[in-house]
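Subject: Structure handover

Hello,

I am passing on a structure for you to look through. Some notes on what turned up follow below it.

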Amino acid sequence: TTIDTVIQRYGQVSDILLASHHWPVWGNAEVLQKLRNQRDIYRFTHDQTLRLANQGLTMDEIAEEIGEPDFADSDFGARGYYGTFKHNAKAVYQRYFGWWNAVPADYDALPKVEESKLWIEAIGGAERTLEEALLAFEEGNYRWAARLLQTLVFADPTNEAGRQWLAATYEQLGFVSEAGTWRNIYLSAAQDLRDPPDTQALSTTSVELLAAIPTLDLFNSLATRFNPALMRGEESILQFRFSDTGETITVDLRQSVLFPRLGATDEADVKLDLSRGSFNQLLAQQITLPE
């Protein structure tokens with residue numbers, strides 16, 4: 001509706017359209033057509049997803065069925081270069097119906113690794129699975145080959161033949177993908193399979209980065225790292241007062257949840273006065289708590 005409002009207010013008088021993700025558009029007729037197409041991308045995806053869902057199709061079936069609007073053939077900006085109709089139809093479905101794809105067996109499915117081991121055993125072993133995957137690869141059925149090979153690698157990450165063929169399959173899927181996002185995912189996965197990244201090398205914890213995060217947001221970020229299994233202390237109310245920013249954060253520390261809020265409390269079990277700069281250094285492990 002926002003784009004339609006722009007059309008109603010400015011569509012008949014605008015000669016230039018400047019927008020992100022696309023080059024400028026000149027000429028009133030071209031501007032109007034571009035706005036209508038962009039508006040109708042959203043409408044098409046939304047309405048066709050619900051139409052198919054109301055006919056009983058599942059999320060995955062809708063993604064295969066939805067296709068694309070007629071104007072996608074002539075308007076490059078309406079094509080799925082930065083995301084696909086297949087992809088976005090699933091997002092619309094989830095908005096109304098949640099994450100479940102309506103297949104009962106998927107409602108409480110086994111974790112992928114555990115399921116993969118059982119599938120490999122049911123297929124007849126790793127060698128048999130690899131044979132079937134290579135046959136699918138040769139036939140150009142890359143989606144099925146990827147599924148088989150992914151199952152093989154999930155079941156046994158050390159299976160080098162499986163890893164290399166899965167990488168090759170992801171490359172083929174990337175080569176035929178119009179959407180840049182899809183292509184990047186496939187090709188990045190292929191690279192990681194061939195040259196596993198050093199998962200210990202990446203760190204976003206630096207004093208400079210921490211200093212740029214608003215204090216309450218920083219505590220909310222810390223709360224997402226709270227692991228109930230490692231909680232050994234008693235439940236407490238903690239108060240952090242930062243002398244350099246004048247802020248006070250109260251933390252309700254429970255056995256399973258760390259809940260921060262802005263402001264002081266008279267019920268604090270522990271009060272800690274320090275500078276926000278020192279707190280950043282503490283989190284970055286540049287200083288210890290006694291220091």
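Which helices are included in what covers the buried residues of α4? They are α2 (28-54) and α3 (59-65). Please keep in mind that this is a predicted model.

Helix α4

Helix α4 runs over residues 85-97 and has 13 residues. From its first C-alpha to its last it reaches 18 Å, close to the 18 Å expected at 1.5 Å a residue. F85, A89, V92 and Y93 are the buried residues to look at in α4. These residues lie on the same side of α4, because they cover an arc of only 100 degrees around the axis. Just after α4 comes G98, with a positive phi of about 85 degrees.

Salt bridges

The whole structure holds 13 salt bridges. One of them joins D60 and K90, whose closest N and O atoms are 3.9 Å apart. D60 belongs to helix α3 and K90 to helix α4, so this pair ties together parts that are 30 residues apart in sequence. D60 is partly exposed at 34% relative accessibility, and K90 is partly exposed at 32%.

Another salt bridge is formed by R143 and E64, at 2.7 Å from N to O. Since R143 is in helix α7 and E64 in helix α3, the pair ties together parts 79 residues apart in sequence. R143 is exposed, with a relative accessible area of 53%, whereas E64 is partly exposed at 46%.

R128 and E132 also meet through their side chains, at 2.8 Å from N to O. Both are in helix α6 (residues 126-138), and being four residues apart they are separated by about one helical turn. R128 is partly exposed at 39% relative accessibility, as is E132 at 27%.

Other points

V6, Y10 and V13 make a nonpolar surface patch of about 280 Å². V6 sits in helix α1 (residues 2-10) and is partly exposed, with a relative accessible area of 32%.

Q150, in helix α7 (residues 142-155), counts as buried at 18% relative accessibility. Leaving aside residues up to four places away in sequence, Q150 touches L166 and Y170.

Q285 is in the segment after α12 (276-283) and is exposed, with a relative accessible area of 73%. The C-alpha atoms of Q285 and T205 are 9.1 Å apart, although 80 residues separate the two along the chain.

Regards

How values were computed
Residues numbered from 1 in each chain as written. Predicted model: local features only at pLDDT ≥ 70, side-chain atom pairs only at ≥ 80, totals over all residues. Heavy atoms only, no water. Patch = residues over 30% accessible without salt bridge, like charges linked within 9 Å, V, L, I, M, F, W, Y side chains within 5 Å. Areas by Shrake-Rupley, 256 points an atom, 1.4 Å probe, with all protein chains shown as cover. Salt bridge = Lys/Arg side-chain N within 4 Å of Asp/Glu carboxyl O. Helix = DSSP H or I, 4+ residues; strand = E, 2+ residues; numbered from the N terminus. Buried < 20%, exposed > 50% of the residue type's maximum accessible area, 1.4 Å probe, protein only. Contact = heavy atoms within 4.5 Å. Expected span 1.5 Å × (residues − 1). Arc of directions from axis to C-beta.
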